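Here is my note on the model, point by point. Please read it with the structure open.

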Amino acid sequence: MAKEKTVYQCQACGFESPKWLGKCPDCGQWNTLVEEHLAPKRFSRATAHPEPLSSIPHEVGGRLSTKIAELDRVLGGGIVRGSAVLVGGDPGIGKSTLLLQAAAKFDLPVLYVSAEESPEQIKMRAERLGIRSEKIGVLSETLLENIIAEAKRSRPELLIIDSIQTIYTDEMNSAPGSVGQVRDCAARLVQFAKQNGVSVFIVGHVTKEGMIAGPRVLEHIVDTVFYFEGQKGHSFRILRTVKNRFGSTNEIGVFEMTDAGLSEVENPSELFLAERPVNVSGSVVAASIEGTRPLLVEIQALVSTSTFSVPRRASLGMDLQRVNLILAVLEKVSGLHLAGMDVFLNIVGGLRIDEPAIDLAVAAAVVSSLRNRPISPQAFLFGEIGLSGEIRAVSHADARLKEAAKIGLKEAVIPALNREKLKAINGLAITGAKDINQALDALGI
Ligand code: TYD
Ligand code: MG
């Protein structure tokens, strides 16, 4: 096939060059030149007339269940036919494992394109996972044109591309994994999916900068974006939606990596609290919400005298800026002396939570550690902390409380405004706190 003319275009200023350059001579930025088609193809149709909104059918292809409940949950109830899903994550986190398991459970024709591993390697993984499906075709191919030709021939329901960084189109000169290649290949796969009603899962490795395929170039091309997260040394894996045209975002699916692949975790709260120490200072339960799902987690703080002139502040699983803000409020409003103290915070289990509703639990863990006073193991908290120490109401208070009651916790300290609006919940003693000091009093620390 004749190569199409391509050009290298600066993504910052639009400067064009026939060759790749490290620095744009026009605007002076580095690494902004990306290979593009010279003349973008234009698809003109003879007629382009609008349809009345009311006559457009609901959902084009309907949904197909993956038969993995945690995966269906993040998809918004199954894969939408003809949709494209990007699964991003660090190398080795379990993306190939997840998709192979999904392919096996799916029980409809699947074409698994592996551009990274040989069919033998995939077979070895399948044996380990106990998969013997007749319906999975494995194709070891890196050229996009061949992949699409094969998919057109064998007509699978589901096409899996593992991974987008290792396939390439011969219409471009740049190497596989470069922005131009990744973007062009993904766009053509999405187009194929839409035109043929085939659902496509695209694996994308998160690069060093923490973005999929460099500058997040794929997120706007596909319908749904998942990140598969987890921490080294922890077996929990969280599948998180960051974009979903067909469902809610921020939904999470929880898995555990075992010797025989990923297993679904149906009750993550129980699991995350399983190893909680009792009557130890610095540990407290926070009731958080991920998507629509309540999740109880243990927050641990360690406050100790610093040996440095500038004390250390470190947090795992939460935003350090937010932590610094909470520490500043504690100093000002509660009179804590943290100036010469190192403060370490951790969300147990390798989870990452960005919700301000965990503020109150973070503050309580810090105070508990500093004063060396344990918090009752039956207690839990939620609430956002404002800059003057007030506790602000949060959403889904009811769901958080019910989840805690379900696993047997008994004492809640929550925002006063949430408390006012609540009906009683069986077995729970609920205290509403207006500010941080009221909350600390209620906990007895
Ligand atoms: P993999 O799916 O290859 O990761 P990715 O495609 O995201 O790069 O998973 C790799 C890791 O998972 C590897 O370190 C081994 C581990 N693993 C298990 O612990 N149990 C299993 O059953 C499988 C298949 C893998
Ligand atoms: Mg892989």
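Which polar backbone atom is 2.7 Å from an oxygen atom of ligand 1? That atom belongs to G92.

1. Basis. This is a predicted model: local features need pLDDT of at least 70, side-chain atom pairs count only at pLDDT 80 or more, and totals for chains, interfaces and linings use all residues. Residues are numbered from 1 along each chain as its sequence is written, chains are lettered from A and ligands numbered from 1 in the order in which they are written, and side-chain values use heavy atoms, with hydrogens and water left out.

2. A polar contact here is a pair of N or O atoms within 3.5 Å.

3. Shell of ligand 1. There are 16 residues around the ligand (a heavy atom within 4 Å). G92, K95, S96, T97 and G261 come nearest. The shell divides into 5 nonpolar, 6 polar and 5 charged residues, with Gly counted as polar. Helix 2 (95–106), helix 3 (119–129) and strand 13 (252–258) each supply at least two of the shell residues. Helices (H or I, at least four residues) and strands (E, at least two) are DSSP runs, numbered from the N terminus.

4. Aromatic pairs. The whole structure holds 2 (ring centres within 6.5 Å). One of them joins F228 and F255, at 6.1 Å centre to centre with 75° between the planes. That makes it edge-to-face (planes over 60 degrees apart). F228 lies in strand 11 (residues 224–229) and F255 in strand 13, so the pair ties together parts 27 residues apart in sequence.

5. Strand 1 (residues 6–10) pairs with strand 3 over 5 bridges. C10 has L33 as its bridge partner in strand 3.

6. Domains. The division is into domain 1 (5–38), domain 2 (64–266) and domain 3 (271–443). These bounds come from an automatic or database domain assignment. Over C-alpha atoms, the centres of domain 1 and domain 3 are 49 Å apart.

Conventions. Pairing = 2+ DSSP bridges. Polar contact = N/O pair within 3.5 Å; in protein donor to acceptor, adjacent residues only side chain to side chain. Phe/Tyr/Trp six-rings, centres within 6.5 Å; stacked < 30°, edge-to-face > 60°.
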